[in-house]
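Please keep the structure in view while reading.

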Amino acid sequence: MHPTSTPPPCPFPDCRPTPSAGSSRRPTVIRHSLLRTQRGPRQRWRCRACGGTFTANHGTPYHRLRSSPARFDRAVNMIVEGMCQAAAARTEGISVSTLRRWTERAAQFAREFHDRTIRNVEPIEIQIDELRGHGRKKDDRLFVFASLVVSPRLWIANTVGRRTRRSCRLILRETRNRCAAVGRRALIVTDPFKFYAPEVRKTWGRTSLHAESGKIIRRNRIVRVNNELVWGTEEQLEEVLERCEDSKQVNTSFVERLNLTMRRSLACLHRRTSSAARDAQTLGQKIDLLQCYYNFVRPHGSLKFGREVRTPAQQAGLVSRRLRLRDIFMAFRPWARVPWIVDEGVRKAWGARDVCPDNNT
Ligand SMILES: [Zn+2]
């Protein structure tokens, strides 16, 4: 049982504490009862203003979970570290359907966390690429589109679907929405898929430079790389490349490296695997979960600074430390404090949550 001497504030959004409820000696939120769980009793609180009852896990994925949060975190962790569902379920001693439910729940929270925290990114170079996965049927092709801000290695957007104009539009729009309005042009590098050029122009317009990097492959070998500037001038390209610390020329190698990480991190994307993604929706959920894990939890091999290995979100200046899955999920408690969020705009997105109303007076 958690040390629960100070009652948390009421989490229900409709609750308007009346002056009489709060001003008396007794706090608005009081101990209610002990909730019996398999892991022992847990304190349940009751709000005297609205009558609602809740526990410390209110609003998080651990709410009403019949296992321990630690087990939930471990199982989710296995999924994003490349273990197949059946193996992860066996290791944790839970059923596959439970694990599926947990993954779905975790993905939903990861998506929301990502939505609120990946904002105001100031990109110099963005690389976009797609990765082919497969569904249950042999010719059921699913593509994962990913966009990466190169210098912090931040994976800012993903789209799962067919390789169509719509997917190109979605990935570019999401990427645009997560970036700050920057004065200088950002370099966007994609492969020569025909729909990128019109969609980049539409979504980014004059705030971007667009280059395509195509590979000519014969017998599984790259024989030539064709780099072409589609939108913008050579001088502008030179100026951007000078500011980039990572690329000396147009390339898509950083996003391709991300693709490899994705392949190795999800069992359904492994090569020659027997596990397959059920459908676009399930794959999308796993990708959302992986994206959050990649940006906030997993230390990135190329972000080593002495002994410290940073995460992409840390490097991008969005959070001040490496997070754990627990930090991410617990941030959803309505009274959670999130001092590790650095970026001003992101803090606003979490609302006034950082300011914990004092309920004891
Ligand atoms: Zn209340």
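A crossing of two helices is called right-handed if the near helix is turned clockwise from the far one by less than a right angle, and left-handed if anticlockwise. In this predicted model, α2 passes α3 in a right-handed crossing.

**Helix α2 against α3**
- The axes of α2 and helix α3, which spans residues 85-92, come within 9 Å and cross at roughly 155°; because angles over 145 degrees count as roughly antiparallel, α2 is roughly antiparallel to α3.
- On the α2 side the contact is made by Arg71, Arg74, Ala75, Met78 and Ile79, which meet Ala88, Thr91 and Glu92 in α3.
- By class, the residues of this contact between α2 and α3 divide into 4 nonpolar, 1 polar and 3 charged.

**Helix α2 against α4**
- Helix α2 (residues 69-79) and helix α4 (residues 96-117) have axes that come within 10 Å and cross at roughly 85°, which means that α2 is roughly perpendicular to α4.
- Here Phe72, Ala75, Val76 and Ile79 in α2 meet Leu99, Trp102, Thr103 and Ala106 in α4, and the residues of the contact divide into 7 nonpolar, 1 polar and no charged.

**Helix α6 and its surroundings**
- In helix α6, which covers residues 196-204, the buried residues are Tyr196, Glu199, Val200, Thr203 and Trp204; seen down the axis of α6, they fall within an arc of 105° and so line one face of the helix.
- This pattern can be read against helix geometry: an α-helix has 3.6 residues a turn, so residues three or four places apart point the same way.
- The elements covering the buried residues of α6 include α5 (165-177), β7 (186-190), β8 (208-218) and β9 (221-231).
- After α6 comes glycine 205, whose phi is positive, near 50°.

**Cysteine 50**
- Cysteine 50 is placed in the loop between β2 (40-47) and β3 (53-54), and because it has 16 C-beta neighbours inside 10 Å, cysteine 50 counts as partly exposed.
- Leaving aside residues up to four places away in sequence, cysteine 50 touches Cys10, Phe12, Asp14 and Cys15.
- Cysteine 50 and methionine 78 are 28 residues apart along the chain, and their C-alpha atoms are separated by 40 Å; Met78 is one of the α2 residues that meet α3.

Note on methods
Residues are numbered from 1 along each chain as its sequence is written. This is a predicted model: local features need pLDDT of at least 70, side-chain atom pairs count only at pLDDT 80 or more; totals for chains, interfaces and linings use all residues. Axes are lines fitted to C-alpha atoms, for helices over the stretch in contact, and angles run from 0 to 180 degrees between N-to-C directions. Helices (H or I, at least four residues) and strands (E, at least two) are DSSP runs, numbered from the N terminus. Angles under 35 degrees count as roughly parallel, over 145 as roughly antiparallel, 65 to 115 as roughly perpendicular and the rest as oblique. Two residues are in contact if their C-beta atoms, placed from the backbone, lie within 7 Å. Ala, Val, Leu, Ile, Met, Phe, Trp, Tyr, Cys and Pro count as nonpolar, Asp, Glu, Lys and Arg as charged, and the others, Gly among them, as polar. A residue is buried if 20 or more other C-beta atoms lie within 10 Å of its own, exposed if 12 or fewer, and partly exposed in between; C-beta atoms are placed from the backbone. The arc is that of the directions from the helix axis to the C-beta atoms.
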